[in-house]
Amino acid sequence: MLRDTYGRVATDLRVSLTDRCNLRCTYCMPEEGLQWLGKPELLTDDEIVRLVRLAVTELGVTDVRFTGGEPLLRPGLTGIVERCAALAPRPKLSLTTNGIGLERTAPALKAAGLDRVNVSLDTLRADVFHRLTRRRRHGDVLRGLAAARAAGLEPVKVNSVLMSGFNEDEAPDLLAWAVAEGYELRFIEQMPLDPQHGWQRDGMITAGDILASLRTRFTLTPEGETERGSAPAERWLVDGGPARVGVIASVTRPFCRACDRTRLTADGQVRNCLFAREETDLRAALRSGAPDEEVARLWREAMWGKKAGAGLDDPSFVQPDRPMSAIGG
Ligand code: SAM
Ligand code: SF4
């Protein structure tokens, strides 16, 4: 098991498959891109499958989510999904994607064993999409979403980040659209993982702002118990249900106490937290011929040292060097 000193157990593995992306969302990646990892630095498909196998068979991981960068840019994605779906015990497999290319790949991913997708879309307005992502690909994302739904990659969830000066007024429109389309919408508070290190607590749109905005048009009632468990979203029934909306208040109501995540970067570093300042190099271990037990020991040790919380609200908080796209969101 991947335990830490606070008694938490990590069962949810996020695997970044690439640091590259075809969008440049302002809160995630600089306009000019980053110094991309070279091919030799990236884990190979075999190395990824070996680490996922180890996580699932030796370390108690039950859920695996592929992310990035943009995971659909990884040429071997379908094969990686297929091989992970063949593991015993079989992990639940999901993908977080910007949706570009999903129109083409959704059926093959479903056939390979992918269970669900989260597609990131922050706006219904093509011009705002262009300003936020610096690319004119709004239509591709909408078509990718529809293809995921048609392929049965359900529930199709949509992740939205609201940014002041861009889309802060769009929460009710996004929810009306998601309900009509049968997608489950989740708003995520913007976190200090932007490449410019320009995030400011005062400038961000909070969960409280989002809920107030949604309530101008919808009746929201909390779903289930108030205790969130490890699920980061607080979910609300929309106008009595069955449609729901989630709000992930990572900054204003952090859920660190219930965190069950462990993360693997595209270059094979384990991070025990999005905001960790230290990483553990599993790639070096793999490439020096370490046996499974040794790699598992390193992974357990990396998780054991997980801090109680990320401390975003603490004045001493220091943003990690890697931006979101290079960690894997
Ligand atoms: N490219 C894929 C995508 O956009 O879904 C996967 C990687 S992206 C880093 C994963 C998620 O992180 C997206 O939903 C994105 O909106 C979110 N994200 C990126 N930077 C963020 C930030 N600074 N604060 C909050 N969420 C962020
Ligand atoms: Fe790319 Fe996703 Fe980051 Fe946007 S949020 S730049 S789509 S990795």
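This is a predicted model: local features need pLDDT of at least 70, side-chain atom pairs count only at pLDDT 80 or more; totals for chains, interfaces and linings use all residues.
Buried here means under 20% relative accessible area, exposed means over 50%, and partly exposed is what falls in between, with a 1.4 Å probe and protein chains only. Residues are numbered from 1 along each chain as its sequence is written, chains are lettered from A and ligands numbered from 1 in the order in which they are written, and side-chain values use heavy atoms, with hydrogens and water left out.

Back to the two phenylalanines. The structure holds two aromatic pairs, where rings of Phe, Tyr and Trp (its six-membered ring) pair if their centres lie within 6.5 Å, and planes under 30 degrees apart count as stacked, over 60 as edge-to-face and the rest as tilted. One of the pairs is F275 with F317, which sit edge-to-face at 5.7 Å centre to centre, with 75° between the planes. F275 comes from the loop between β13 (269–271) and β14 (280–281) and F317 from the loop between α9 (292–304) and α10 (324–327), so the pair ties together parts that are 42 residues apart in sequence. The helices (H or I, at least four residues) and strands (E, at least two) are DSSP runs, numbered from the N terminus.

The loop between α9 and α10 also holds Q319. Q319 is buried, with a relative accessible area of 11%, and its side chain reaches the backbone oxygen of P192 at 3.3 Å. That counts as a polar contact, meaning a pair of N or O atoms within 3.5 Å; within protein, one must be able to donate a hydrogen and the other to accept it, and residues adjacent in sequence count only if both atoms are side-chain atoms.

Next comes the ligand. There are 18 residues around ligand 1, and Y27, G69, E70, S120 and M191 come nearest (a residue is near if one of its heavy atoms lies within 4 Å). A polar backbone atom of Y27 is 3.0 Å from a nitrogen atom of ligand 1, and a polar side-chain atom of S120 lies 2.6 Å from an oxygen atom of the ligand. On its own, ligand 1 has 540 Å² of accessible area, and the protein covers 95% of that (Shrake-Rupley method, 1.4 Å probe). The shell is made up of six nonpolar, ten polar and two charged residues; Ala, Val, Leu, Ile, Met, Phe, Trp, Tyr, Cys and Pro count as nonpolar, Asp, Glu, Lys and Arg as charged, and the others, Gly among them, as polar.

A cis peptide bond joins A88 and P89, with omega about 0°, and P89 is in the loop between α2 (77–85) and β5 (92–97). The bond from E154 to P155 is cis too, with omega near 0°; P155 is in the loop between α5 (138–151) and β7 (157–160). R134, in the loop between α4 (126–133) and α5, has a positive phi near 60° without being a glycine. D239 has a positive phi near 45°, again in a residue other than glycine; D239 belongs to the loop between β10 (233–238) and β11 and is partly exposed, at 45% relative accessible area.
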